[in-house]
Amino acid sequence: MKKLWIALFLLAASSTATAELVEGSQYWRTAVAVTLLTTLATNPMESDRVLVESGQGEEVSAHRVAWRWHWKDLHEGDWLNIQLHGQLALEYWQGQRQDGVLDRNNLLVLTPVFRLEPALSWLPYLETSIGATLMSASRFPASQHEFGQNFQFEDTLALGWQWGERDQWDLALRYRHYSNNGMSEQNNGIDFNTLSISYLY
């Protein structure tokens with residue numbers, strides 16, 4: 001658990017990085033990539049599953065890596081199983097303004113995820129979640145979005161499939177929506193359609 005809290009602190013710090021940091025040198029970007037790949041390979045946070053996700057939404061591309069923990073089996077039936085998972089995600093947005101300037105945003109997302117999984121593993125499953133998101137930027141001029149504040153809610157609906165000897169691989173189509181749910185006068189939400197692949201450690 002101590003490892004998890006240390007990792008959360010480091011991830012929170014990285015999620016609030018400014019655009020200038022993202023614009024850093026090739027050495028900085030290489031260090032980030034190597035650190036991320038090493039984290040995925042060694043699983044220091046002892047997660048059950050890791051996800052890599054990418055997609056597009058309203059002139060903005062989104063790329064995500066997430067770690068997931070199986071918290072509880074809420075229901076086990078002959079036809080349907082319902083599971084509760086906890087998920088921690090780091091996400092990166094990029095979009096280009098008309099004048100060629102690149103906009104970037106870094107997100108830290110904490111989400112409880114409900115999975116409705118048929119007892120027959122070859123059938124697709126459904127997932128739904130509402131989570132808390134911290135953005136490094138509350139506006140995104142490339143897509144003319146004014147989010148109003150750095151704290152947002154993330155709503156997700158997913159359809160996925162599992163395969164492998166122990167269902168260790170997972171492919172999912174996701175629809176994601178971000179908004180502040182009226183907590184700010186400006187509430188210009190944004191939607192994404194993404195594709196993710198995940199691996200069960």
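# Exercises on a predicted model

Confidence in the protein chain is lowest in helix α2 (residues 19–22), with a mean of 42, and highest in strand β5 (residues 125–135), at 97. The model is predicted.

**Exercise 1. Find which stretches have pLDDT below 50, and state their contacts.**

Step 1. Start with the average. The protein chain has a mean pLDDT of 87, and 88% of the residues score at least 70.

Step 2. Take residues 8–13. Their pLDDT is below 50. Beyond near neighbours in sequence, this stretch has eight contacts in the model.

Step 3. Move on to residues 15–22. Here too the pLDDT is below 50. This stretch has 15 contacts in the model beyond near neighbours in sequence.

**Exercise 2. Describe the elements of the protein chain and their order.**

Step 1. Count the elements. The protein chain holds three helices and ten strands.

Step 2. The order is α-α-α-β-β-β-β-β-β-β-β-β-β.

Step 3. Finish with burial and surface. Of the 201 residues, 42% are buried. The protein chain exposes about 11200 Å², and carbon and sulfur atoms supply 61% of that area.

**Exercise 3. Classify the ring pairs W93 with F147 and W163 with W169.**

Step 1. Note the total. There are nine aromatic pairs, with ring centres within 6.5 Å as the rule.

Step 2. Take W93 and F147. Their ring centres are 5.8 Å apart and their planes meet at 55°, so this pair is tilted.

Step 3. W93 is in strand β3 (residues 80–96), while F147 is in the loop between β7 (145–146) and β8 (151–163). The pair therefore ties together parts that are 54 residues apart in sequence. Both W93 and F147 are buried.

Step 4. Turn to W163 and W169. Their ring centres are 6.4 Å apart and the planes are at 20°, so the pair is stacked.

Step 5. W163 has a relative accessible area of 39%, so W163 is partly exposed. W169 is at 33%, so W169 is partly exposed as well.

Step 6. Look for a cluster. Ring pairs link W93, F140, F147, Y178 and F192 into one.

Step 7. R115 lies over the face of Y125, at 3.8 Å from the ring centre.

**Exercise 4. Is N105 buried or exposed, and which residues does N105 contact?**

Step 1. Locate the residue. N105 belongs to strand β4 (residues 102–118).

Step 2. The relative accessibility of N105 is 0%, so N105 counts as buried.

Step 3. Find the polar contact. The N105 side chain meets the S136 side chain at 3.0 Å.

Step 4. List the contacts. Apart from neighbours within four places in sequence, N105 touches E91, Y92, W93, M135, S136, A137 and F140.

**Exercise 5. Describe the setting of F114.**

Step 1. Locate the residue. F114 sits in strand β4.

Step 2. F114 has 35% relative accessibility, so F114 is partly exposed.

Step 3. Compare sequence with space. F114 and I130 are 16 residues apart in sequence, and their C-alpha atoms are 9.4 Å apart.

Step 4. List the contacts. Leaving aside neighbours within four places in sequence, F114 is in contact with L74, Q83, L84, L126, E127 and T128.

Notes. Residues numbered from 1 in each chain as written. Predicted model: local features only at pLDDT ≥ 70, side-chain atom pairs only at ≥ 80, totals over all residues. Heavy atoms only, no water. Phe/Tyr/Trp six-rings, centres within 6.5 Å; stacked < 30°, edge-to-face > 60°. Helix = DSSP H or I, 4+ residues; strand = E, 2+ residues; numbered from the N terminus. Buried < 20%, exposed > 50% of the residue type's maximum accessible area, 1.4 Å probe, protein only. Lys NZ or Arg CZ within 6 Å of the ring centre and 35° of its normal. Areas by Shrake-Rupley, 256 points an atom, 1.4 Å probe, with all protein chains shown as cover. Polar contact = N/O pair within 3.5 Å; in protein donor to acceptor, adjacent residues only side chain to side chain. Contact = heavy atoms within 4.5 Å. pLDDT = per-residue confidence, 0-100.
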